[in-house]
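New page in the notebook today. I want to get my bearings in this one before picking at details.

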Amino acid sequence: VAFNPRLVARDQLPKSYDDLLLPKWKGKLGMDESEYIMFGSLLEIMGREKGLAYMRRLAQQDLNLRSGHSLLTQLLLGGEFPLYIDGFGSNIEQVKAQSAPIDWIGLEPVIVSLYPFGMAVNAPHPNSARLLVDFLLSKEGQEIGRSVAKIPARADVDAPFPRLTKGLKLFTVPASVAERYGEIVKEF
């Protein structure tokens, strides 16, 4: 959850997903209008029925729905709403590093999207594809990813913003969300 510290004090921030349902947040939450990954992950975390009930209650909070995480970050900075509930931690940290009035807290479990890559079964140049995969997983390749604020997969490459991973209970988006993506989009 990203927040504008000029609009909300740290001690007033939600401490759980359920806290987002409190009346004081009605009309004060920004969210991407197509946040299917969060939706699918919350269904996995809470269980289908409880997750659907939660999302229905969240929808009753008069969410400020917009398209695009960059836009939502700018609207948060501009004071349109005090909380942006599905912000990307690395993006928030980058903006914060430029002295912008923004910070974030992790509601646990913190939903983490992985950016997997692979090689096509019938790749026209399979050896080139293998070399690319090897490079992307190498220390040098992971350092390049780190330079654009991506969290590295290697333990010997530090995260660009250690706060994104240290001391947090992380929930990696499961393959079941990807497998049911079309269904999740329709349901959302």
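Predicted model: local features only at pLDDT ≥ 70, side-chain atom pairs only at ≥ 80, totals over all residues.

I counted the secondary structure to begin with: the chain has seven strands and eight helices.

Next I looked up the overall extent. The C-alpha trace spans about 55 × 40 × 30 Å along its principal axes. The chain is 188 residues, and 38% of them count as buried.

Then I checked the contacts. Taking those in the chain with a separation of 6 or more, I find that 70% are between residues 24 or more positions apart.

I get 22 positive side chains and 22 negative ones, with the centres of the two sets 3 Å apart.

Now for a couple of single residues. I went to Ser41 in helix α1, which runs over residues 36-46. Is serine 41 buried or exposed? Its relative accessible area is 0%, so I put it down as buried, the cut-off being under 20%. Leaving out residues up to four places away in sequence, I see Ser41 touching Ile111, Phe171, Val173 and Val177.

My other pick was Phe135, which sits in helix α5, residues 126-137. Phe135 counts as partly exposed because its relative accessibility is 30%, and that class lies between the 20% and 50% limits. Which residues make the nonpolar surface patch of about 260 Å²? I wrote down Leu132, Phe135 and Ile144.

Technical notes: Residues numbered from 1 in each chain as written. Heavy atoms only, no water. Patch = residues over 30% accessible without salt bridge, like charges linked within 9 Å, V, L, I, M, F, W, Y side chains within 5 Å. Areas by Shrake-Rupley, 256 points an atom, 1.4 Å probe, with all protein chains shown as cover. Salt bridge = Lys/Arg side-chain N within 4 Å of Asp/Glu carboxyl O. Helix = DSSP H or I, 4+ residues; strand = E, 2+ residues; numbered from the N terminus. Buried < 20%, exposed > 50% of the residue type's maximum accessible area, 1.4 Å probe, protein only. Contact = heavy atoms within 4.5 Å. Lys, Arg positive; Asp, Glu negative; His and termini not counted. Charge placed at Lys NZ, Arg CZ, Asp CG, Glu CD.
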